[in-house]
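Reader: Can you take me through this model? Start with the contacts, then the strands.

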Amino acid sequence: MMRPLHDCRLYGIIDLGYVETCDAARTVEQMIEGGVDLIQLRGKKQSIGELVDLATELHDFIVKFSAPLIVNDHAEIARRVPIEGVHVGQDDDPIAIVRQKAARDILIGKSTHSLAQARAAQAEGADYIGFGPIFATPTKPDYTPIGLEEIRRVHAEVNLPIFCIGGINIDNLQSVIDAGAKRVVMVSALLKAHNIVDYARCATDMLA
C-alpha cells in the first residue's frame with residue numbers, strides 16, 4: 001500500500017547533478033532508512049532511456065517501503081515504469097497533457113514560485129505543489145528566493161499538500177516550520193550530508 005501524500009513530510013530528490021547514477025540506489029536506500037517519505041528522480045542531462053533504466057531499478061527497491069517514486073519532467077517514463085508520479089515545472093507540459101502522456105492514474109506535482117502560481121496549479125488539477133525557492137539555492141540559481149512570508153498564506157489559500165523547497169537545510173528548517181510549513185523538500189543539503197541517514201532523521205524528527 002503506497003503512503004498517502006498527506007502523510008508525507010520529507011521529500012528527497014535524487015538529483016543526478018549531485019549523485020552519480022551508479023550511486024543512486026545506495027543514496028535512495030540511505031534516504032529511506034533516514035525516514036524520507038517521498039523521492040523524486042531528477043536527471044536533466046540523462047536520456048529518457050537512461051532515466052527509464054534507473055527509475056526501474058529505484059522503483060523495484062522503493063516500492064517495498066511504500067514510498068512513492070516521482071520522476072521529474074518526463075511523463076512518458078510513467079508509461080514504461082510503474083512509478084507513482086511525475087513532477088513538472090512552470091515551463092513543462094500542462095497537467096492534462098501529462099496525464100494523457102502517462103496513460104494511467106498517477107500523482108502529478110507542480111513547481112510554483114508565487115501565490116498566483118500555487119492557486120493556478122490547484123485549479124489545473126495538481127495533486128501537490130512545490131513552493132519556493134524559499135531561500136537561495138545552487139539547484140535553481142536563476143530563481144529569486146520568495147522568503148518565509150508567503151508560507152502561511154499559501155497554506156491558507158491552497159488545499160493541497162504543499163512542499164516548501166529551495167535552500168532548506170537543518171540550520172534553517174525550524175524557521176521554515178515556524179513560518180507555517182508542514183512539508184519540505186531537501187536536495188543539496190541532504191545529498192551532500194556527511195551522513196544522509198542521520199541528516200534525514202534529524203529533519204523528520206523536526207517535522208514530526
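Author: Of the contacts in the chain with a separation of 6 or more, 60% are between residues 24 or more positions apart; contact means heavy atoms within 4.5 Å. This is a predicted model, where local features need pLDDT of at least 70, side-chain atom pairs count only at pLDDT 80 or more, and totals for chains, interfaces and linings use all residues. Residues are numbered from 1 along each chain as its sequence is written, and side-chain values use heavy atoms, with hydrogens and water left out.

Reader: How many helices and strands?

Author: Nine helices and eight strands. They are DSSP runs numbered from the N terminus, helices being H or I with at least four residues and strands E with at least two.

Reader: Which strands pair with S4?

Author: Strand S3 (residues 69–72) pairs with S4 in the parallel sense over three bridges. S4 and strand S5 (residues 107–112) also run parallel, joined by four bridges. Pairing requires at least two DSSP bridges between two strands.

Reader: What stands opposite Gly-85?

Author: Ile-70 stands opposite Gly-85 of S4, and in S5 its bridge partner is Leu-107.

Reader: And which way do the residues of S4 point?

Author: In S4 (residues 85–88), Gly-85 and His-87 point one way, Val-86 and Val-88 the other, and all are buried, meaning under 20% relative accessible area with a 1.4 Å probe, protein chains only.

Definitions and conventions: Buried means under 20% relative accessible area, exposed over 50%, partly exposed in between (1.4 Å probe, protein chains only).
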